[in-house]
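Student: Could we go through this model together? I would like to begin with its pockets.
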Amino acid sequence: MGQSCLRPLRLNSRPFSTASTEFSILCSQGYIKAAFNKFTFLIWNNPSHFSCLLQACIQKNTFSLTKQLHSLIITSGCIRDKFVSNHLLNAYSKLGQLDIALTLFDKLPKRNVMSFNILIGGYVQIGDLDSAYKMFDEMGERNLASWNAIITGFTQFEFNERALSLFTRMYGLGYLPDAFTLGAVLRGCAGLKDLNKGREVHGCVLKLGLDGHLVVASSLAHMYMRSGSLREGEIVIMSMPVQTVAAWNTLIAGRAQNGCFEGALELYNLMKIVGFRPDKITFVSVISSCSELATVGQGQQIHSEVVKTGAICVVAVVSSLISMYSKCGCLDEAEKIFEEREEADIILWSAMISAYGFHGRGKNAVELFHRMEQEGLAPNHVTLLSLLYACSHSGMKDEGLEFFNLMVEKYNVEPQLVHYTCVVDLLGRAGRLQEAEDLIRSMHVKPDGVIWKTLLSACKIHKNADMARSIAEEVLRIDPQDSASYVLLANVQASAKRWKYVSEVRKSMKDRGVKKEPGISWLELKNQVHHFIMGDKSHPQSEEVDVYLKELIAELKLEGYVPDTGSVLHDMELEEQEYNLVHHSEKLAIAFALMNTPAGFQIRIMKNLRICGDCHMAVKYISKKKNREIIVRDSSRFHHFKDGCCSCGDYW
């Protein structure tokens with residue numbers, strides 16, 4: 001390529017406009033050398049054509065050709081051209097050669113705002129926001145692109161408050177934001193879930209007349225939905241002049257993020273009816289909704305559509321499918337999808353390790369982790385979190401602690417709060433309550449309500465009423481409206497027959513207006529989802545279920561089942577305590593399933609709260625008495641009951 005520029009300039013008879021078009025096409029298709037050799041005359045006639053060659057180098061990710069072009073630009077004297085030199089600077093920056101870009105920047109005879117903007121973008125690309133801001137701060141002159149580059153950088157790495165502060169400063173200096181600025185700022189508001197600030201930006205959008213811009217409207221809708229205002233987000237989408245797949249994706253994802261999983265699936269079906277073809281983003285949202293609802297039938301239908309559209313090659317979609325089948329209790333299907341994967345991506349390995357952990361298969365999770373290491377993949381913080389979770393829920397205390405101790409030393413991963421929470425759970429389940437508390441008080445990150453509640457749950461398991469009171473104070477100091485903590489504390493005190501303390505807890509809940517979240521269990525039968533709540537008689541078979549359940553419990557008592565009335569919150573008569581236990585939602589759901597499915601049919605039940613000790617024991621007896629495999633997914637994990645045993649053993 002270098003020799004061709006030494007040839008004498010030959011006049012070419014073809015029109016320059018035609019030649020320029022052909023030259024641009026060759027560059028866009030990646031034929032860099034062919035474009036240069038064929039149109040040398042064009043480049044020397046107008047050096048700005050170097051920009052096409054340099055842009056092609058970025059697309060082809062070729063550092064060597066960029067250096068060759070750099071030499072030609074210097075020897076030809078074109079380095080003095082600001083347009084050409086900025087494109088060269090941009091090429092080095094985009095190719096990750098920031099050191100060379102900085103050296104070139106220092107030697108440029110002529111620099112302008114664009115030169116600074118390119119370097120700011122380069123720093124943002126490698127995540128060096130401090131250097132990016134320093135360069136931005138030192139600029140003598142700025143334009144809108146300068147502000148966009150630094151604001152986008154901060155939102156990209158979730159320094160959203162700084163991004164919003166810069167936006168306010170920019171607006172105050174008289175710069176009018178464009179669609180690019182507003183999209184970034186709205187993403188920042190969404191990250192902070194700051195509805196008030198988002199509404200202020202919405203006002204700015206209306207003032208500038210950009211409410212009809214598709215990107216701005218989608219960002220605006222996303223902000224409202226992430227901030228908890230689903231209705232306002234949907235209004236924005238419905239007001240868009242043109243509906244797009246991206247708009248539908250925003251709607252579906254918004255409903256899923258706000259817990260409206262059935263609504264997300266309804267929109268998915270409507271989207272197809274009106275003629276839009278789902279893409280990989282759509283599939284991730286709807287598959288995740290099936291995971292939360294545990295509707296394996298709908299999940300299987302969507303899986304078929306994923307295969308038909310070719311999205312089965314997308315890592316995020318495959319990961320969602322593994323998670324969906326796992327959360328629907330179909331671990332074999334999750335394993336099959338994992339083994340048939342086309343890429344050995346860390347995301348997929350982490351998803352499968354997590355699936356094993358969710359089903360209490362800790363040994364499988366550890367074996368898969370070692371297999372992943374043998375294939376040369378390094379774990380990230382998600383992989384290690386899944387591994388710690390698996391160890392915790394399988395009683396693998398020693399293995400879990402060993403992995404935690406090796407996080408920094410071997411895997412170069414700094415433990416986050418979620419990792420500490422897993423270790424607290426690990427220690428708590430093993431009865432090492434004081435050690436778990438000491439870890440919380442000594443860790444380098446600030447504890448949240450979840451980690452304290454994890455220890456409180458361990459206090460319940462080991463019936464440590466005294467520690468439970470002090471730990472509950474820590475939880476409620478952080479979140480005084482957390483109903484689960486009151487219930488956990490009351491359960492521990494009830495187990496110790498401390499009815500005075502139970503009354504105090506219940507009074508405190510009443511005084512603060514805290515209401516216990518009702519236990520809801522559901523199952524999918526013949527493509528229909530049936531819900532059960534204790535005391536709710538709305539199900540059409542509720543009376544028959546009550547009668548059947550009463551007979552079932554009588555049968556279980558003959559087999560040795562004794563209701564665990566110690567966990568009932570009220571100081572009430574024994575008969576009333578037993579009635580409350582019998583009518584827990586998971587027992588109602590299992591009774592319904594036994595009544596409406598053939599002998600030997602596997603039963604899958606989902607519950608929004610943790611399964612209680614009494615129900616756990618009762619389901620063991622039911623699985624043996626009725627010769628059924630019963631799978632219960634609670635808010636924490638799966639429990640597989642068969643022949644009077646549970647796969648989770650004592651670690652439920």
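Tutor: First, a definition: a helix here is a DSSP run of H or I with at least four residues, and helices are numbered from the N terminus. Please also keep in mind that this is a predicted model.

Student: Which helix gives the most to the lining of the second largest pocket?
Tutor: That is α22, which contributes seven residues. Other elements that each supply at least two lining residues include α17 (261-273), α18 (280-293) and strand β1 (520-525).

Student: And which residues lie nearest the centre of that pocket?
Tutor: Glu 292, Ser 323, Lys 327, Ser 354 and Phe 358 do, out of a lining of 36 residues. By residue class, the lining divides into 15 nonpolar, 14 polar and seven charged. The space in this pocket is about 820 Å³.

Student: Turning to the sheet, what is the strand order?
Tutor: The order is β2-β1-β3-β4-β5-β6, in an open sheet of six strands with mixed pairing. At the edges, β2 (528-533) and β6 (645-646) each pair on one side only.

Student: How do β4 and β5 pair, parallel or antiparallel?
Tutor: They are antiparallel, with four bridges joining residues 630-633 of β4 to residues 638-642 of β5.

Student: One more topic: is Ser 146 buried or exposed, and why?
Tutor: Ser 146 counts as buried because its relative accessibility is 0%, and the cut-off for buried is under 20%. Ser 146 sits in helix α10 (residues 144-156).

Student: What does its side chain make a polar contact with?
Tutor: The side chain of Ser 146 makes a polar contact with the side chain of Asn 117, at 2.6 Å. Leaving aside residues up to four places away in sequence, Ser 146 touches Val 113, Asn 117, Phe 136 and Met 139.

Terms used:
Residues numbered from 1 in each chain as written. Predicted model: local features only at pLDDT ≥ 70, side-chain atom pairs only at ≥ 80, totals over all residues. Heavy atoms only, no water. Pairing = 2+ DSSP bridges. 1 Å grid on protein atoms, 1.4 Å probe; cavity = no way out; pocket = protein on both sides within 12 Å on 5 of 7 lines; lining within 4 Å. Points joined across faces, edges and corners; volume = space filled by probe spheres on them. Nonpolar A, V, L, I, M, F, W, Y, C, P; charged D, E, K, R; others polar. Buried < 20%, exposed > 50% of the residue type's maximum accessible area, 1.4 Å probe, protein only. Polar contact = N/O pair within 3.5 Å; in protein donor to acceptor, adjacent residues only side chain to side chain. Contact = heavy atoms within 4.5 Å.
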